[in-house]
Amino acid sequence: MQKLMFKATLLLLMIFSVLTYAQTTVSGTVLDSDGNPIPGVTVFISGTSQGTITDFDGNYSIDVETNQILVFSSLGFSTQNFTVGEESSINISLEESTEALDEIIVTGYGTETKRETTGAISTVKAKDLLAIPTGNIEQQFQGRIAGVTVIANGNPGSTSQIRVRGFGSFGGNNPLYIVDGVPVDNIDFLSPNDIASTTVLKDAAAASIYGARAAGGVIVFTTKQGERSAKPTEVTIDFVTGFTDPNVGGAPTQLTPQQLADWTAVAQRNNAAANGTAVQYSHPQYGGTAVATLPDYLYASGVGSGLSASQVNVAAVQALYESDPINTFLIKANKTGTNWYDAITNTAATSRIGIGFQGGSEKGRFYIGIGSYSQDGVILNAKLRRHSVRMNSEYDITPFLSFGENIQATYRENRASGAGNGIASADDESQVLAAYRMATIIPVYDEFGSYASTKAAGFNNGRNPVRILEQNYADDKSYSLSAFGNMYLDFHPIENFNIRTSIGGSVSNYYYTDYGYRYLGDSEPQNSDNFGEGSGTNIGWTFTNIATYKRSFGSHSAKLLVGLEALNTGAGRTLYASGINPFSTDKAYINMNTVSNPVVGSNNYDGVTFYSNFAKLDYNFKEKYYVSGTIRKDGSSRFGTNSRYGTFPAFSAAWRATDEAFLQGVSWLDELKIRGGWGEMGNSNNVDPANQFSLFGQSKSASYYPISGGNNGATAGYYKSRIGNPNAKWETSETTNIGFDATLLGGKLDVIIDVWTKKTKDLLYQIPLAATTGNSAAAPSVNIATMSNSGIDMQFIHRGTVRSGTIGYEITVNASTLKNEITALAPGITYFGGSTYRNISPIRNAVGQSLSAFYTYKTDGYFDNAAEVSAHASQPGAGIGRFKYVDSDGDNSITPADRQFTGSPVPDFTGGVNLNLRYENWSFSTYLYTSLGAEIFNQSKWYTGLFGSFEGAGKSALALTSWNPTTLDNSGGPIWESASNLSTNGAANDWYIEDGSYLRIQNISLGYDFDRSKLERVGIKDLRIGVSANNIATFTKYTGQDPSIGGVDTNFGVDVGNYPVTPSYMLTINIRK
Amino acid sequence: MKNLNIMKFTKMIKIKTISVAMLSLIVLSVSCTDEFLEIGATGSLAEAQMSTQAGVDGVLIGAYSALNGVYGNRFEAPSHWVTGSVAGGEANKGTDPGDYSSINPVQRYEHDPTQGDLNNLWRGRYEGVSRANSVIALIAGSTVLQAADATRMKAEAQMLRGHFYFDLVKHFKNIPVFDENVAASDVALTKNTSDAAAWTLIESDLQAAYSALPETQSQLGRVNKWAAASLLAKAYLYQKKFTEANTLFTTIIANGKSPAGAKYALLDNFASIYDASQDNHAEAVFDVEAAMNTGSVQNANYFDDLNYPYNTGSNGPGNCCGFFQPSFQMGNKFRTKDGLPLLDGTHDLAANRVKTDYGVEAGDAFVEDAGELDPRIDFSIGRRGIPYLDWIEHPGKAWIRSQVYAGPYSPKKYIYYKAQEGTLTDASSWTRGYSTMNYTIIRYADVLLMAAEAKIESGDNAGALALINQVRTRAANSTYWVKNSDGSDAANYKISNYTAFASKSDATAALRMERTLELGGEGHRFFDLVRWGVAKSQLDAYLQNEVAQGLVTKFGGASFVAGKSELYPIPQIQMDIVNGGDEVIYVQNTGY
C-alpha cells in the first residue's frame, strides 16, 4: 500500500512538474528537401528541457534566448542544430536521413537500430493498430506484415488465428507475445491506444533469443512512455464511434415458403422415381397433393399442424393459452417468408475512447492511459466491453539507478452469443447456421408473442435462433478482471553497461454465468431450465535479469547481452457448477442453492515453469559488416529430467553493400543491406504438462458406476488415463532466411524481401494408439514428426509528392507466399484425421500435404441416367442425379480408397495494400487485404443445400439449381431427394469445396486536421476529425457468408456457420493538447 | 602518471564489475533449478496408488463402468439396439433419413469400415478389456490384498473381460485377443487371425469366474457366480457346444439365484422387466446398472436417449427423437392363430399383417387391428390407440417424426413411466430420456430359451417344450395385459402354449420365433440369426416386407450379402493404426 502511495505521489509530481520560462518568441516552418512541410518535428532548446513540436503545416513557435541552440529532430530525418541570433523567424530544411536507418526497433530484450538488424524483423505502426476498432489488436496485423497470416472473424472479442511464417506444429502455433518484456499467451487485454511500437520477430536470428518458446514467432509490444524532457504534459484523446451493419443483403438466399413447399413435392417425386414406386405426397404442412399449398397456421395447440384458417378456432386456442401459456402455441404461417439472418442480427454500435497523458522531466517520465472500448456484435446479444487503466513510469533514483514500472488493470466482458468464442472454434454449429436451418415460413413470434419454433411439425428439429440469442444469452455474464505488468530496476554504474532486473506477470480472475431455458415450442425441447456458473483465477510471473555491455574500439564495435529468466506460465484454479430447474426463473432467485441436481467441479493446475539462460553478441566492422550470434538454453517442467533442457543457437550476418566504394556512385541506390541468418527455435506448446507421467484418473461419465445397484448416485471408478513419455523433448524449428533491405530513388522506394524456410523436427505428435491398448489413456506425445514451411515475404514502400508537394502519398504493399507441408509423421503413419461434422469427415493431415488438407471423394458430375449408373464403378447408393465419384484406384468399386486430396485451407498468398494521401489539411487512406489460394469446405451446404439433411428444415436456393434432366452436370447440386447415403449426403466430396480467395477493402478513411493557429485559441494543439468505412466490400467467389474461416491448426477451413465480417462506419476525433 | 593509474584502476574496476555481474548471472543459473522445474500432475493418481484394496476395487469399478460403453457413443450400447436389433430386423433406425445417418448403412447392410461409430464400439469394448486386464495385473502385483478379496475381484474382472470379448467376437468375429500377461508393447501387435483364441479365453475366464465368484453380492451391481455360469453357457451355445450348454443351463435353472439371493424366476408381470423401480429383480441374471444424480447421463442409459416417440411434449416420455421404431414385420410376428404364432412366415401376408395407422393423419379416424395378437405386442411396440404405459394412448402419426420413412410404430420396452419422471430419470442433460432402468444383458427368460435351444439340439424336444411354454405362460397371465382405461384388454390378445413339437424343425421354428417375441428389441436378434445361419433368408424377407409395406426410401434396393454382412468390418482406423509397420497385423473381414 505504501508503495502504491509513493508511486501515485511520484506520478502526480511528474504531471505537474511543468516549468515556465519567458523570452522572445521565434517561429518558422520546417520543410523537407522537396519543400514539403514536416509535421511532428521536435524542436527543443539544447541544454534545457524546453521544446515544442511542429504542427501539420510544419510550423512551430518557441520562446528562446539569443545564442541558445535549437535542435530540430524528426524520425527519418537527420537532426539539425541552429544557433539563435536576432531573427524572429527561422525556417529550417531537414535532410532525409539515409537513415530511417536510425529508427529504433524494439527487439528481444533490447533495442537496435534498423541499420543494425540482421534478422527478419517487421514493425507495425502504432497508428495502424487504431485504424479499425477491434477487440483484439492482432486482427490489425492482417495484411500489414509480410509473413504473418491472420484469419479473423467478426465476432467481438474473438481471438484470431495468427501465424508467423506458417505452421510449425500440430498445435500451439500462436506466436509468443511479449508485452513490455513479459511473455503472455494472449493480448486481448491491450488497448491499442497504449501501444507505442510493435515488432514481429520472424526468423530464428531475431527470435531465438526467446529460445524454447519462439518457434511460432515473437511479437513484441512496447507500451507508451513519456519523454525525458520538461515539455508540458501532453494529453491525447482518441474517440471513435460508429456502427456495424450486419450486411443482410449479403446473406445467402433461402427458399421462400412457397419454394420450400414446392421443392418438398419435387423431392417426393424424386424419391418415388428413385425407388420405382408411386409418389407419396405427404407433409404435415403442405398437404398430400402434387401441388403444395401453404397452410394458414403452422400449428395450433390442441388442433395440430398444417391448418387452414377455418380449422382453427382462435378463441379456443386463446383460452388454452390463458390456462397453460408455456405449452400453448398458435403459429401463423409467414407466407412472405422470414429472413432469419435479419432476425438474428442488428446494427451494432461501437465506441472507443482512449485518453493518454504523457510527460516527464530530466529525471523521469510517465504515461497514463485510460481506455474504454465497447463493441456490440451484429449477432443479437454478442458484445465486448473493455475498460483499462495503464500507468507506465520510470524514474532515476540516482544517476546510475532507475526504477520503472508498467502496469495495467483491465476489466473485460465478452459475451459470445452462440457463434463460437474464437476463430479457433469457428467450426461450431452456430446460431448463424441455425438461422439458415429455420424454414422461412416460420415466423419469429407466434400469435401470443411467444417464439415460434418447430413445434409446428414438418420442419425438423431446429430451434428458433432468435429465442436462443435473446433468452439464453441475454442474461449470460462473462467477465474478467486482470492486472498485468512489471517492475524493473536499471543499474548502469558505468557508461554502456546496464543491468536490468525485472519482475512481471499477471493476476487474473474471471467469472461467468450461463442461463439456458427450456422451451416447449421446439420440436425437441431441451429438457430443463439450466443454470451454470464458474470462476477461475490464474497467476503467472516472469523474473528476468539482463546485463548488456557495448564497446567500440576503432572500427570495431560490439554489444554483449547475457540474461537469465525464470517464469511460470500460470498456476491457478477453476471452479464451475451447474444445475437445473430452479423453482423460479427469476434471475435474482437463481443460484446454486436454488437449482436441482447441482453438479460442481473444479480444477487446479500448477502451471509450467521455465528456467533459461541466454546470451547475444553483436559485432560490426565500420557499420558495414555485421554479425550476430544468439544462444539460449531453456529448461522446462513440461519435460522429464531425461531431456528437460534444450539449447537454441542462431547466427546471422549483414552486409551494407552501399557503404562499399564501388556502389557509392550509384545514384538510384541509397541503401542496400543484404542479410542472412540461420538458427533454431523451440516449441513445447502442443504437449500436455503431464506428458511425462503415467497416470490413473476418474471420470463421472466414463469410470463411475452405480455398483451398489441403487438408482441414485454412482461410485467412483478409476482407469488408466495417461501413458507417460519421460523422454519427450522440445520441438525444434530450424530456419534459414536470406533477404535484403534496399532504399532506392532518393529515399522514395523501400524494398524489403526475405526468402525463408522453416523446418520443424522432433515434432511432438501423439501417435494414435490401437484401441486394444485402452484408448481412454491419453497417448504420449513423442518427438517424431517433421514439417516444413517456406515462403517469400515482400514489402514495398513508395512515398513521394506530386503537384509540387501539395499532395503527398505513401503506398505500402505487403505480400507473402506460404507453402506448408507435413514431411513426416511416424513410421508407418501417413496421416491423421480431423473433426467429423454430421458424419462428414473432410480433413486429413497427411504427409506430403499441408495441415488440415481436404481429403474427399472427387466428383465427376452427377449420374445423368441409369446407363451411367450401371456403366460406372459400383458405388454405394448410386442413383440418377446423385454424386458420381471418381474411381481413382481403378478397381471398379467406389471405396474409401478412392478419396483424394482436394484442397487446402492454407492460403498460398496473403497481402495488403495501404495507401495514404495527404492534401493540405486533408488526409485519405485506404487499406486492402487479400488472401489467395485457400480452399474452404463449405459444410453449411450440407445443411441447407441437400434436402435429405434434416429434411423439412430451411433450405437454400441451391434447391433451384439441383440436378435435373436439363442441367445435368451443370447443376448446382445433386438431385433434390430424401435418400441419405454415400452418393448423397453421406460423404465428404469436392462439391463442398470452394475457392476461398478474397480481396477485402478493409478500410477507407478520410481525415481533416484543423489549423493549429486556430486551435491555439481554444487551447489545444491538434484536432483531427475523420470518418471511415471498414470492410465495405469483399470480392470473392465463395458462396458462403464470409470467406474468412479459421479453426484449430489441424482442423480448419470448415465453414459451419461462421460469424461474418461485415461493414462498419466510424467517426473519429483525435485531440492532442 | 598518477592520473593514468587511476584511469587504469577505474577501468579495471569497470571490467571487474562487468565480469562479476555477467558471471554471476551465469552462476546463478546452475544452482537450484532442478527443483524449480519439477511440477507434478494435478488431479490424477500414480499407478503405485492403485495397488491397495480400495485402489484395485476402484479400477474394477472402472471396468464395470465400461459395460455401458466408455465414449458415450450409442453404438456402444450394451443393448446393441443398432447392431443387434436394427440389424436384426426387429426395428429400423426410425426418425428421418438425415438424422444420425451413420445408422443408415447398418439397417441396409452397407457398412462402411471407416464408420466412426463402429470404431467407438470396438474402442469401448477394448477399453473394457484393458481395464479388466489392469485389475488382474494390479491384483497379481499387490501385496496388501486379503486373499478372499483378491479372488473375488479377479473373478469379477474375468467375468467382465469374458463379456467384453464376447461382445467383440459376436460383432467382428476375427479379433485380437490378449490377457493381462501380454506386454503393453505387444498388445498392438496381436493379430486377429480367427475367433478361436477369443472363445478359448472367454471360456477360461467365465469358467474361472463361475468357480470363484460368490453366489450373492452385497453390492447388487456386481456379477455373481450364476451370471458367470449363464454367460458361459451362452458362449457354449454360440459355439454350438450344445451338450456343455445343456448341462450348464440345467444347473443354472436348478440352482441359479440373483446377487440379492433370489432364486431365478420369471416375473409375473412382463412389464416389470422394464421398470426402474423393480431393478435387480429375480429375472435379472446379468444387467447393467443405471442411476441418476451421478454427474453424468452416461450412467443413465444415455444410449437410449433418442429411442422415444417423437414430439410428444409433456404427454409422452423423452420428447425426442423418434429413433428405434419397431419394424412392420416385428409387429406382424405378434399375429397369433389359436394363440400360436404363424411360424411359416405367413404373418407378412396382407391378410395377416397387423393393421397400422401408416399413412393415417393424427386427426383422422383409425380403428385398431381386431385380430388375434400375442399380448407381448403391446409391451414391445408403441402403436396407435394403445395406452402408452401410463402416458396417453399412442396418438399415431403425431408422435412419429417421418411416418412415410420409418413406419408407424414407437419403441416401448425400456421406456420410463410418467409416474417416474424426475424420480427415476436423470434430468440433467438435454433431453428427458435418461432412465435409471437397468438394461438386462441376460435375463432369465433368455436363459430358459437358450436352455430350450440346447435341449432341442440335444434331441430333447419335450424338455424344450416345457421351457418355451414356461415363457409363454407368463405372457399369458391376463391380469397384467395392457388395458384400456375402462379395464378392458387394449387389444384382442390370444396366446396359448404349444402342445407338442412334432419334429426338431418344428421345435426349432417355435424356439426361434419365441426368442424374438419375448426378447424383441433387446439386441439379440442379429446375432441369433447369424449363428443359426439363416441371416440371409430371414433378413432379405424382412427387407422385402418393409418395402412392401411402404418403407421404400429407407430400404429400397437394400439386401443382405451372404458371406459378408454376417460380420461387422474391422474399423478401418484400427487397421490403419496397427498395419502401419512392415507386418500385417489385422486382416479385414471378408467382403469389406
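Predicted model: local features only at pLDDT ≥ 70, side-chain atom pairs only at ≥ 80, totals over all residues.
Q: Quick one to start: what does B:Leu389 count as, buried or partly exposed?
A: B:Leu389 counts as partly exposed, at 25% relative accessibility; buried means under 20% relative accessible area, exposed means over 50%, and partly exposed is in between, with a 1.4 Å probe and protein chains only. Residues are numbered from 1 along each chain as its sequence is written, and chains are lettered from A and ligands numbered from 1 in the order in which they are written.

Q: And where is B:Leu389?
A: B:Leu389 sits in the loop between β7 (381-382) and α13 (403-406) of chain B, where helices (H or I, at least four residues) and strands (E, at least two) are DSSP runs numbered from the N terminus. Its phi is near 50 degrees, which is a positive value in a residue other than glycine.

Q: How many helices and strands does chain B have?
A: The secondary structure of chain B comes to 20 helices and 9 strands. Of its 592 residues, 63% count as buried, and its C-alpha atoms fill a box of roughly 135 × 55 × 50 Å, taken along the principal axes.

Q: Why is α6(B) called largely enclosed?
A: Helix α6(B) is largely enclosed by the rest of the structure because 21 of its 26 residues are buried. Its end C-alpha atoms are 37 Å apart, which agrees with the 38 Å that residues 147-172 should span at 1.5 Å a residue; the expected span is 1.5 Å times one less than the number of residues. Just after α6(B), B:Lys173 takes a positive phi of about 60 degrees.

Q: Okay, what about α10(B), which helices do its buried residues pack against?
A: The buried residues of α10(B) pack against α8 (196-212), α9 (225-238) and α14 (444-457) of chain B. Those buried residues are B:Phe242, B:Ala245, B:Asn246, B:Leu248, B:Phe249 and B:Ile252.

Q: Switching to B:Arg515: what does its side chain make polar contacts with?
A: The side chain of B:Arg515 makes a polar contact with the side chain of B:Asp446 at 2.8 Å, and another with the side chain of B:Asp528 at 2.7 Å. A polar contact is a pair of N or O atoms within 3.5 Å, and within protein one must be able to donate a hydrogen and the other to accept it, while residues adjacent in sequence count only if both atoms are side-chain atoms. B:Arg515 belongs to helix α16 (residues 504-519) of chain B, and it is buried, with a relative accessible area of 2%.

Q: Which residue is 218 residues from B:Phe328 in sequence, yet 6.2 Å away in space?
A: That residue is B:Glu546, with the distance taken C-alpha to C-alpha. B:Phe328 lies in helix α11 (residues 328-333) of chain B and counts as buried at 2% relative accessibility. Leaving aside neighbours within four places in sequence, B:Phe328 is in contact (heavy atoms within 4.5 Å) with residues including B:Tyr358, B:Pro408, B:Glu546 and B:Leu551.

Q: What about chain A, where is A:Ala714?
A: A:Ala714 lies in the loop between β34 (695-697) and β35 of chain A, and it is partly exposed, with a relative accessible area of 25%. Apart from neighbours within four places in sequence, its contacts include A:Tyr704 as well as B:Thr294 and B:Asn299 of chain B.

Q: Last topic, what is the volume of the largest cavity?
A: The largest cavity has a volume of about 380 Å³. On a 1 Å grid over the protein atoms alone, a cavity is a set of points where a 1.4 Å probe fits but cannot get out, and lining residues have an atom within 4 Å of a point; grid points are joined across faces, edges and corners, and the volume is the space filled by probe spheres set on the points.

Q: And what lines the largest cavity?
A: The lining has 30 residues, of which A:Ile132, A:Thr134, A:Gln139, A:Asn1031 and A:Val1061 lie nearest the centre of the cavity. The lining divides into 10 nonpolar, 18 polar and 2 charged residues, where Ala, Val, Leu, Ile, Met, Phe, Trp, Tyr, Cys and Pro count as nonpolar, Asp, Glu, Lys and Arg as charged, and the others, Gly among them, as polar.

Conventions:
Heavy atoms only, no water. 1 Å grid on protein atoms, 1.4 Å probe; cavity = no way out; pocket = protein on both sides within 12 Å on 5 of 7 lines; lining within 4 Å.
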